[in-house]
Amino acid sequence: MVNEASKEHGGHEVAVTVAPALPVQGCRLALSNLDLLLPPLDVSLFFCYPHPAPTAAALKEALAKTLVAYYPLAGEVVPNADGEPELLCNGRGVDFTVATAAGVELREVRLGAVDEGVEKLVPAKKPGGVVAVKVTKFGCGGAVVGCTFDHRVCDAYSFNMFLVAWAAAARTGSPAAPAPSFRRSLVAPRDPPPRAPSTDALIDRLFCPRSAAPPPPAVAASSVNRIYRVSAADIAALKASAGPGRTKLEAFTAHLWRLCSRAASPRQSQCCMGVVVDGRTRMSPDGAMRVYFGNVLTIPYGVTGSEDLRRMSLADVAGDVHRWVAEAATGEHFWGLVDWVEALRPKPAAARAYLGGTGGNEAMACIMSSGMSFPVGKADFGTGLPAFASYHFPWPAGAGYVMPMPSARGDGDWVVYVHVAPELAKVMEEEPTVFQALENSYVFQ
């Protein structure tokens with residue numbers, strides 16, 4: 001079908017549905033207790049390929065092959081008898097749109113100014129759909145491949161597995177091994193759950209029933225989406241300033257937390273910083289969950305007074321980040337979280353970090369989610385690696401969201417997607433180092 005609305009931009013769109021290459025035996029797949037922690041949220045990402053770019057036909061053929069192993073992505077999210085979301089694996093297929101940007105070259109797209117340049121390049125997913133794909137072709141022969149997925153079904157780690165398999169299918173004719181595992185028994189609750197007061201206290205600090213959640217921080221009507229670049233030298237300098245034993249991500253998070261304190265308004269006397277932590281290696285040190293497909297996340301956070309943060313050294317702030325992340329980065333915490341959700345069901349839960357943590361709705365809140373496993377170096381669909389790639393997550397929550405990931409240049413630089421209040425973006429852009437404007441001359445050398 002032709003999307004008439006897009007013609008005003010000089011192009012047109014044609015949408016089809018790509019089903020698995022082999023028949024799918026219909027079934028219902030329950031979401032895990034860790035999946036149920038996620039509210040309805042869609043996450044997008046996109047890859048920019050200069051000429052010669054992968055063709056829509058090759059991408060569709062490879063997608064159909066990949067969906068045989070990743071069959072839940074070709075289904076729909078539907079409610080079960082208790083009103084909880086679950087997957088109907090019916091082989092419905094993935095919505096696949098091909099768009100033409102007539103008279104526009106890829107290098108003319110302002111990638112750093114996301115609201116202007118990127119919004120049209122990622123697909124809007126239909127209600128109930130799990131994944132949508134959009135390929136935008138440019139007059140120069142380049143193309144952008146955009147994807148959107150339902151976060152309730154999987155986390156970024158899982159979707160990265162799918163992307164690598166899809167690229168391998170386009171490049172070699174068959175998806176990359178190993179096949180994903182959808183075994184919910186890998187994250188099943190314990191029976192009976194052991195009592196661990198310290199674990200219970202940490203879970204109560206990080207999560208609550210959604211019905212008992214305080215009002216979230218107000219969503220800034222003018223929240224901005226940006227993509228910045230951070231040089232390898234600036235990353236190394238942050239790490240050195242954060243002190244011995246601190247990781248690059250701990251140093252970056254500490255720096256971001258301090259910037260939040262500078263952007264906080266007078267009524268925001270506290271700043272809440274959350275960090276998304278993957279639990280696969282914590283729950284399964286033997287590697288059994290390496291191919292598990294789903295959500296395995298928790299979000300610890302810290303809350304500190306804005307004035308205090310402004311006075312603290314980067315090393316002291318990084319020490320705080322390390323402490324509260326380490327408290328949650330344990331197998332016992334994740335297994336306790338599985339058991340906690342089981343006792344709460346079918347009532348939904350909420351992560352307190354989105355809500356300002358112990359600082360409540362008057363705290364400036366921001367979430368840092370690492371995208372360092374983003375497979376930009378494996379996203380070759382048969383015509384070469386992308387010149388640029390990024391996630392895109394303009395969520396409706398009041399908290400800011402920041403996601404660093406490796407630059408497609410492979411030189412140690414990072415690109416950082418941010419969805420934040422304009423006051424925080426202003427502070428980021430005013431500092432002389434770290435968050436640098438993403439120029440197209442950097443992307444398309």
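Which residue in the hairpin of β4 and β5 takes a positive phi? Working on a predicted model, I went through the five residues between the strands and found that G83 is the one, with phi near 85°. I then looked at the strands themselves: β4 (residues 76–79) and β5 (residues 85–89) run antiparallel and are joined by four bridges, and I noted E86 of β5 as the bridge partner of V78.

**Entry on the sheet**

I next traced an open sheet of six strands, whose order is β1-β6-β7-β8-β3-β17 and whose pairing is mixed. Because β1 and β17 stand at the edges with a single partner strand each, one side of each has no neighbour in the sheet. From one strand to the next I find an average twist of 15°. Within this sheet I checked β7 and β8, which pair in the antiparallel sense over seven bridges; there K134 has G146 of β8 as its bridge partner. Helix α1 packs on the sheet and touches β1, β6, β7 and β8, its direction making about 165° with that of β6. Helix α3 also packs on the sheet, where it touches β3, β7, β8 and β17, and its direction makes about 140° with that of β8.

For α1, 14 residues at 1.5 Å a residue should span 20 Å, and since its end C-alpha atoms are 21 Å apart, the two values agree. For α3 (residues 156–172), the 17 residues should span 24 Å, and the end C-alpha atoms are 24 Å apart, which again agrees.

Which residues of α1 are buried? I list A56, L59, A62, L63, A64, T66 and L67, and what covers them includes β1 (13–18), β6 (94–101), β7, β8 and α3. In α3 the buried residues include F159, M161, F162, L163 and W166, with S158 and N160 also among them. The buried residues of α3 pack against β3 (42–49), α1 (56–69), β7 (131–138), β8 (143–150), α7 (280–283) and β17 (388–392). Just after α3, I noted that G173 takes a positive phi of about 100°.

**Entry on a helix pair**

How do α5 and α6 lie to each other, roughly parallel or roughly perpendicular? The axes of α5 (residues 232–241) and α6 (residues 248–263) come within 8 Å and cross at roughly 85°, so I record the two helices as roughly perpendicular. The contact is made by I235, L238 and K239 of α5 with K248, A251, F252 and H255 of α6; by class, this is four nonpolar, one polar and two charged residues.

**Entry on backbone exceptions**

Most peptide bonds are trans, and most residues other than glycine have a negative phi, so I searched for departures from both. The bond from H51 to P52 is cis, with omega near 0°, and P52 sits in the loop between β3 and α1. A cis bond also joins D191 and P192, with omega about -5°, and P192 belongs to the loop between α3 and α4 (197–206). V434, although not a glycine, has a positive phi of about 75°, and its place is in the loop between α11 (422–430) and β20 (436–437). Is V434 buried or exposed? Its relative accessibility is 2%, and buried means under 20%, so I count V434 as buried.

Key: Residues are numbered from 1 along each chain as its sequence is written. This is a predicted model: local features need pLDDT of at least 70, side-chain atom pairs count only at pLDDT 80 or more; totals for chains, interfaces and linings use all residues. Side-chain values use heavy atoms; hydrogens and water are left out. Two strands pair if DSSP finds at least two bridges between them. The expected span of a helix is 1.5 Å times one less than its number of residues. Buried means under 20% relative accessible area, exposed over 50%, partly exposed in between (1.4 Å probe, protein chains only). Contact means heavy atoms within 4.5 Å. Axes are lines fitted to C-alpha atoms, for helices over the stretch in contact, and angles run from 0 to 180 degrees between N-to-C directions. Angles under 35 degrees count as roughly parallel, over 145 as roughly antiparallel, 65 to 115 as roughly perpendicular and the rest as oblique. Ala, Val, Leu, Ile, Met, Phe, Trp, Tyr, Cys and Pro count as nonpolar, Asp, Glu, Lys and Arg as charged, and the others, Gly among them, as polar.
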